[in-house]
Amino acid sequence: MLIDTVLFYIFAALVLGGGILTITRRNAVHSAMWLIVSLLGVAGLYLQQQAEFLFAVQIVLYVGGIMVLFLFVIMLVNLDQAARERQFNRHWFVALVAVAAVGAEIGYFIYRGRTGFHIAELGAPIAAPHALGNTEMLADTLFSEYLLPFEIASLLLLVAVVGAVVMAKKRIQ
Amino acid sequence: MMSAVPVYWFLMLSAVLFALGVAGFLFRRNIITVFMSIELMLNAVNLSFVTFSYQLKQVNGHLFTFFVMVVAAAEAAVGLAIILTVFKNRSTLNIDEVNSLKN
Amino acid sequence: MPGNFATASDVIRFLPEIILAVMGTLLMILDPLLHRRSSNAFGHLSILALAGALGGAIYAYLNGGPAFGGMLMVDGFATFFGVLVIVAGILTILPSYRFLARQGAETSEYHALLLFSVAGQCLMVAANDLIMVFIGLEISSISSYILAGYLREDKRANEASLKYFLLGSFATAFFLYGVALIYGSTGTINLAGVNVVLSGPGAPSLVFVGVAAALMFVGLGFKVSAAPFQVWTPDVYQGAPTPISAFLSAGPKAAAFAVFLRIFTTAFAPIGHGWEPLVWASALLSMTIGNFAALQQSNIKRMLAYSSIAHAGYVLVALTARSEVGTAAAMFYLAAYAFMNIGAFAVVSHLSGKGERYQNIEDFSGLAQKQPLAAAMFSIFLLSLIGVPLTGGFFGKFYIFKAALESHLVWLTVLGLLNSAVAAYYYLRILVMMYMREPAEATEAVEPLSPGLRLALIVPAIGTLFLGIFPNWVLDFAGKSSVLLK
């Protein structure tokens with residue numbers, strides 16, 4: 001039990017530390033690196049909540065796919081000059097107030113809401129016939145109940161592929 | 001295997017992470033960093049989904065997270081292509097300088 | 001379980017989306033074969049695809065019901081909006097022929113993305129599950145981001161695309177956070193299921209659901225460009241290719257409103273008194289900001305963008321009424337708005353010339369002398385946007401404010417009517433330009449109306465007048481569909 005708490009603190013520190021550094025570093029490459037740290041922290045929290053499949057997907061897809069794409073683009077654009085420019089919005093004060101309000105509000109509601117939770121008691125882990133692992137259960141649900149979203153996601157990916165090509169290919173004509 | 005960590009800690013963490021993303025989106029001027037802030041927000045949402053899923057003892061939340069990741073990947077591909085085009089045309093990625101549309 | 005999946009009736013109810021997706025893919029495959037012969041072939045094929053989807057949507061309606069285990073709900077409401085977004089797609093392609101030829105930018109991808117976007121919108125309006133709403137919304141949005149920046153060499157289009165993309169993804173994250181909280185507090189994201197949990201005994205903490213509703217309101221507010229989330233609209237409408245601006249103001253907007261109506265009047269109906277003030281304020285703010293900002297614009301696309309914010313405000317008035325009459329009024333209004341706004345943008349596209357040089361209101365001076373037909377059609381659209389009797393816009397506003405009064409929203413009605421009076425000024429200014437001034441540089445240089453554009457002007461004009469003279473046909477259907485909603 002104690003070890004769970006300790007792990008939670010470690011992962012939470014990774015998530016928040018990574019997040020804060022992502023949005024404050026001047027250099028975009030550093031931001032991306034800290035974002036990866038934050039994403040790994042989130043992956044750890046998935047593992048703690050028995051989402052083994054998502055833990056793997058988070059690392060393979062997010063860190064290995066999306067973040068590498070980010071790093072490629074950062075390398076393609078010349079950001080030396082950008083790093084020297086002013087990094088923050090002129091209206092930072094207004095934005096700070098707005099963000100503080102959002103954060104405080106959500107935090108407050110969740111704090112209040114914890115007693116009013118519909119199904120608040122923490123019972124056994126995801127009730128499952130122990131024969132089935134997380135990935136198998138996911139697959140069962142995905143290919144029965146969520147078959148349509150799964151199929152339609154292919155259209156989404158097609159749109160993304162076509163879109164990226166339209167944007168990046170040489171000249172229209 | 002039961003986690004001793006109260007569920008709402010996870011939710012608080014997710015809320016704070018979401019707020020961090022919003023902050024980054026509003027504060028930062030570098031377009032790529034702004035986009036990274038959106039990724040932070042999506043991760044906060046995913047963390048909430050997984051937490052609720054754990055609490056409700058369903059796997060549905062995991063699936064939503066999965067779909068959000070798919071969409072995030074699609075958005076990243078398209079978004080970075082758009083960002084590259086903007087950079088090619090203007091040689092800057094400062095959001096304040098991308099403001100030619102006016103009355 | 002997988003055995004009873006994707007039965008014949010599921011597939012029939014899913015027909016429009018299948019036709020659009022297949023034809024969009026086919027267009028790109030045929031690209032190398034068609035390109036040499038005629039650059040119009042893509043447009044013809046897309047119109048064929050959309051016509052097929054229209055037939056599919058009607059066939060699906062005749063065999064309506066839930067599909068794919070409750071993921072989709074093909075009812076009158078879905079069909080109404082499905083037909084609306086498909087027609088908006090057709091009306092976008094008609095002015096695109098000439099526009100793309102002028103910019104030398106005819107490609108199959110443009111049409112394919114347009115078809116995919118319409119497919120996404122068809123999914124959105126039929127979705128009965130928040131995950132389907134989300135995926136449909138993303139298909140529609142991602143295609144729209146690309147279409148807005150389709151003319152890559154144009155700095156304005158780049159900027160429009162970038163802003164649309166960044167703010168759109170930002171809004172999506174808010175919407176998703178709302179979905180997550182709904183899932184957490186009700187244990188389901190099926191709209192009917194959420195309604196059952198919220199109205200049943202042992203309903204979850206209202207604070208929690210309230211925050212979720214507010215977050216989803218923020219996300220959808222961005223998509224329908226309601227104030228205070230409207231900042232992207234003027235820039236995107238100004239920078240995007242004109243036919244795409246027309247499309248954005250009709251298709252994605254109508255679909256987002258459909259989702260708005262479905263979520264807030266089915267899933268969140270039990271907490272209606274909670275979200276009403278929020279929508280009330282947003283409606284008033286949208287109308288006021290939209291109309292007063294539009295007064296000061298000299299760029300016509302920007303002016304139409306602000307006017308589109310104001311019109312989103314009118315639809316939100318109908319939503320605030322929280323009644324079936326209000327829902328029907330919103331549906332009618334969105335249909336009328338799609339016709340008149342696409343028509344107005346088609347005239348702008350016609351006049352703007354190569355590289356979209358002429359976009360100022362002054363550029364319309366003397367259009368009536370040079371091209372009486374275009375000027376006459378534009379007048380019909382503008383009068384309808386003002387809300388003059390015999391046009392669809394008039395009955396749209398009439399039904400909305402009638403529904404608002406029936407729900408005792410007296411102040412909102414009064415302020416809304418005052419707003420429409422303000423709006424008349426900036427629309428009339430264009431009429432004065434067209435009819436009372438001598439032709440200027442832009443109107444001297446205007447090219448003759450191509451057949452596609454002629455259709456693009458006449459069809460929406462007929463639609464606008466039809467809705468203004470025989471409103472009951474559409475309103476009856478909308479009324480019936482809004483009852484089915486629950």
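Predicted model: local features only at pLDDT ≥ 70, side-chain atom pairs only at ≥ 80, totals over all residues.
**Entry 1. Chain C as a whole**

I then looked up its dimensions. Along the principal axes, the C-alpha atoms of chain C fill a box of roughly 70 × 55 × 40 Å. The radius of gyration of chain C is 21 Å; a compact globule with 486 residues would be near 23 Å, so the value agrees. I noted that buried residues account for 65% of the 486 residues in chain C. I also looked up the contacts in chain C between residues at least 6 apart in sequence, and 81% of these join residues at least 24 apart.

**Entry 2. Helices 2 and 3 of chain C**

Next I took helix 2 (residues 15-34) and helix 3 (residues 41-62) of chain C. Their axes come within 9 Å and cross at roughly 165 degrees. As angles over 145 degrees count as roughly antiparallel, helix 2 of chain C is therefore roughly antiparallel to helix 3 of chain C. I recorded the crossing of this pair as right-handed. On the side of helix 2 of chain C, the contact residues are L15(C), P16(C), I19(C), L20(C), M23(C), L27(C) and L34(C). Helix 3 of chain C brings, among them, A41(C), F42(C), L45(C), A49(C), G52(C), G56(C) and Y59(C).

**Entry 3. Helices 12 and 13 of chain C**

I then went to helix 12 (residues 272-295) and helix 13 (residues 300-320) of chain C. They pack at an angle of about 155 degrees, with their axes 7 Å apart. Helix 12 of chain C and helix 13 of chain C are therefore roughly antiparallel to each other. I noted their crossing as left-handed. Residues of helix 12 of chain C in the contact include E276(C), W280(C), M287(C), I289(C) and N291(C). Those of helix 13 of chain C include M303(C), Y306(C), I309(C), Y314(C) and L316(C). The contact of helix 12 with helix 13 of chain C has 16 nonpolar, seven polar and one charged residues.

**Entry 4. Chain A**

Along the sequence I read its pattern as α-α-α-α-α-α-α. Of its 173 residues, 35% count as buried. Among contacts in chain A between residues at least 6 apart in sequence, 55% join residues at least 24 apart.

**Entry 5. Chain B against chain A**

**Entry 6. Y8(B)**

Last I looked up Y8(B), which lies in helix 1 of chain B. Y8(B) counts as buried because it has 20 C-beta neighbours inside 10 Å. I also checked Y8(B) against T51(B): they are 43 residues apart in sequence, and 8.8 Å apart in space from C-alpha to C-alpha.

How values were computed: Residues numbered from 1 in each chain as written. Chains lettered and ligands numbered in written order. Axes fitted to C-alpha atoms, helices over the stretch in contact; angles between N-to-C directions. Helix = DSSP H or I, 4+ residues; strand = E, 2+ residues; numbered from the N terminus. Parallel < 35°, antiparallel > 145°, perpendicular 65-115°, else oblique. Left-handed = near helix turned anticlockwise from the far one by under 90°. Contact = placed C-beta atoms within 7 Å. Nonpolar A, V, L, I, M, F, W, Y, C, P; charged D, E, K, R; others polar. Rg over C-alpha atoms; globule rule 2.2 N^0.38 Å. Buried ≥ 20, exposed ≤ 12 C-beta atoms within 10 Å, placed from the backbone.
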